[in-house]
Amino acid sequence: ANLSRPDSLSDIQGRMCLDQWGGDYGRAADDIRRAARYGMAHAVFVKHVWQRWGYDYRLPDIYPPSGDLSDFAAMVEACKDAGILFAAHDNYIDFYPDAAGFSYKHIVFNEDGTPQRAWTNSYRDAQSYRWLSHSFQPWMDANLIRMRDGFAPTSYFVDVFSAITPRDYYDEAGRFYPKTESVRRWGEAFDLARERFDGAPMISEAGHDALVGHLDAAQADHMAWAPAD
């Protein structure tokens, strides 16, 4: 883990990252308990595909979890019983037009006045647009409260924020915002999530250092290396 908060080291330092994309919740619960019996208890389990409409689709409408809710609860409980941190994947970079509350007034615009596209979900034939860095917070907080009250994550993974380069941007009205606004708002997002989840460690993708002091760890499996010039 790439650590940046000294007061969180005891919570996250040295933990193995169990990173799961897809898969059956009930089987995951059984596997977590089996791993714990073998001594793999000092770990964090990051669950990436659990959202209401499936992975990267109709974001930010993520709650409740898709599939069997009793199996999902068993998976979370297995982590807690074993002392394994449970982190749910979340995303506030991609806003999909068929999600509740979508409006271009919440979307980044390019300098030429066109809305900025984000992730294209080719499997679902769905095109997302990039959230304004200062606009996603009400949706995020509503989801944090739902997750806290529904299954109480003991850690939290937010996609992209630490892996995308902070950049200047425009809103629909053509107002300009410097990249420092993105850095500030993304940092505040991790701080809010930590508060909602009672001090839970914050995780994202490996990347830039702009979120030092807000982000606790980064997943090495997302890290890209390039030779020095």
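Predicted model: local features only at pLDDT ≥ 70, side-chain atom pairs only at ≥ 80, totals over all residues.
Is D31 buried, partly exposed or exposed, judged by relative accessibility? At 34% relative accessibility, D31 counts as partly exposed.

**Salt bridges**

- The count of salt bridges in the model comes to 11, and in general side chains of opposite charge can pair when their charged atoms come close.
- D31 forms one of these salt bridges with R34, and the closest N and O atoms of the pair are 2.6 Å apart.
- Both residues belong to helix α2, which covers residues 25–37, and because D31 and R34 are 3 residues apart there, about one helical turn separates them.
- R34, with a relative accessibility of 40%, counts as partly exposed, and D31 is likewise partly exposed at 34%.
- D171 is joined to R175 by another salt bridge, in which the closest N and O atoms lie 2.8 Å apart; D171 itself is buried, its relative accessible area being 5%.

- Within helix α5 (residues 179–196), E181 and R184 are placed 3 residues apart, which is about one turn of the helix, and their side chains meet in a salt bridge with an N to O distance of 3.2 Å.

**Strand β7 and its neighbours**

- Strand β7 comprises residues 155–158 and is covered on both faces, with S155 and F157 buried on one side and Y156 and V158 buried on the other.
- Strand β3 (residues 85–90) runs parallel to β7 and is joined to it by 4 bridges; here D90 stands opposite V158 of β7.
- Strand β10 (residues 202–205) also pairs with β7 in the parallel sense, over 2 bridges, and the bridge partner of Y156 in β10 is M202.

**The largest pocket**

- The largest pocket in the model has a volume of about 170 Å³.
- Its lining is made up of 12 residues, among which D56, D94, W119, D159 and V160 lie nearest the centre of the pocket.
- Sorted by class, the residues that line the largest pocket are 6 nonpolar, 1 polar and 5 charged.

Technical notes:
Residues numbered from 1 in each chain as written. Heavy atoms only, no water. 1 Å grid on protein atoms, 1.4 Å probe; cavity = no way out; pocket = protein on both sides within 12 Å on 5 of 7 lines; lining within 4 Å. Points joined across faces, edges and corners; volume = space filled by probe spheres on them. Nonpolar A, V, L, I, M, F, W, Y, C, P; charged D, E, K, R; others polar. Buried < 20%, exposed > 50% of the residue type's maximum accessible area, 1.4 Å probe, protein only. Pairing = 2+ DSSP bridges. Salt bridge = Lys/Arg side-chain N within 4 Å of Asp/Glu carboxyl O.
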